[in-house]
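Please read them with the structure open.

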Amino acid sequence: MTKAPTGPTGRLLVLLSDRSVRMSVAALRRAAGPRIATTLDVRSGVLTPEQTEGADAVYFDKLGVALVNVDPRDARRTARIRTAAVENEARILAVEPERYVHAYATARKPASRRAAPAKAPSDPESKFTWGLQATGVPTSKFTGKGVKVAVLDTGFDLKHPDFPGRSVTAVSFVSGYKAQDGHGHGTHCIGTACGPQSPYHPPRYGVACGSAILAGKVLDDNGGGADGGILAGINWAITQGARVVSMSLGAEVTVDDPYSEVFEAVGQRALAAGTLIVAAAGNESDRRID
């Protein structure tokens, strides 16, 4: 399996004011170039490769964020975007380099000394996994019925025997890949969040057994992707009416790296639209345990 690249991708993320979509797109054209592909033009919230090919930028209307085809190393063009003055109070709020990201599974670094594992419950796991028992799922009356849950990851095994008859909508945001999961991490995460009440092989392992599943492939079959695919997936999930977006992925960080203003705003804007984003945190940590 090929090791996923890390660091900046060579493109920019641009956070625009959400006061006026029309003014934000106009700001983007002046700063980045005239060819703007925007999800405003598609009801499904999904832009095709033909729509984005050759675009100076891709604008995600539910988020107020654009992916701009300007290399951060191009000082002149980057400065032009950072200092763009836009009329009628619409303005560029933040500019950040797009990053490569990866699934959080085998990529996790071991801690210097692992903490002792939590004590397992006394009940056997023949009917329910430890996690479901620990969180009280078996006795809960809630099933997630009527709730759309989006999982953005490596896709979903569309032939999985535990999901016949379930509402599943699967879309790929990775160029050259279909939504079918060729890695396994995405299917695992969807199973944990939305697995059935009575799986083909016990024990039960999933929580929201009655939910509708939105499977967004934002990572390729090697478990790698980029911020732009994640933003496209979040924008699609909001468009589809997802109440929850779950992501077990991230990028390498160092102690001095600032938080992402773009994704901070995306989380706030998604919540304002009725969608809660749940994402992994701390997986890159390698703190010593004393």
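1. Helix 6 gives three residues to the lining of the second largest pocket, the largest share from any element. This is a predicted model, and the points below should be read with that in mind. The volume of this second largest pocket is about 700 Å³. Its lining is made up of 26 residues, and those nearest the centre are T52, F173, V174, S175 and G229. Besides helix 6, the elements that supply two or more lining residues are helix 2, strand 3 (57-60) and strand 9 (224-226). By class, the lining divides into 12 nonpolar, 11 polar and three charged residues.

2. The largest pocket has a volume of about 1200 Å³. It is lined by 42 residues, with R99, A251, V253, P258 and S260 closest to the centre. Two or more lining residues come from each of strand 1 (8-16), strand 5 (92-103), helix 6 (227-239), strand 11 (249-250), helix 7 and strand 12 (276-279). Strand 5 provides the largest share, seven residues. In this lining, 23 residues are nonpolar, eight are polar and 11 are charged.

3. R269 sits in helix 7, which spans residues 261-272. Is this arginine buried or exposed? R269 counts as buried because its relative accessibility is 14%, below the 20% cut-off. Its side chain reaches the backbone oxygen of L63 at 2.8 Å. Apart from neighbours within four places in sequence, R269 contacts L15, L16, S17, D18, L63, G64 and L93.

4. T39 is placed in the loop that runs between strand 2 (36-38) and helix 2 (49-52). With a relative accessibility of 5%, T39 also counts as buried. The side chains of T39 and N235 are joined by a polar contact of 3.4 Å. N235 is also among the contacts of T39 beyond four places in sequence, together with G45, L47, Y59, F60 and D61.

5. The peptide bond from P202 to P203 deserves a look: it is cis, with omega near 5 degrees. Most peptide bonds are trans. P203 belongs to the loop between helix 5 (185-194) and strand 8 (212-217).

6. For the chain as a whole, there are seven helices and 12 strands. The chain has 290 residues, of which 43% count as buried. Taking contacts between residues at least 6 apart in sequence, 77% join residues at least 24 apart. The accessible surface is about 15900 Å², and carbon and sulfur atoms account for 52% of that surface.

Note on methods:
Residues numbered from 1 in each chain as written. Predicted model: local features only at pLDDT ≥ 70, side-chain atom pairs only at ≥ 80, totals over all residues. Heavy atoms only, no water. Helix = DSSP H or I, 4+ residues; strand = E, 2+ residues; numbered from the N terminus. Buried < 20%, exposed > 50% of the residue type's maximum accessible area, 1.4 Å probe, protein only. Polar contact = N/O pair within 3.5 Å; in protein donor to acceptor, adjacent residues only side chain to side chain. Contact = heavy atoms within 4.5 Å. Areas by Shrake-Rupley, 256 points an atom, 1.4 Å probe, with all protein chains shown as cover. 1 Å grid on protein atoms, 1.4 Å probe; cavity = no way out; pocket = protein on both sides within 12 Å on 5 of 7 lines; lining within 4 Å. Points joined across faces, edges and corners; volume = space filled by probe spheres on them. Nonpolar A, V, L, I, M, F, W, Y, C, P; charged D, E, K, R; others polar.
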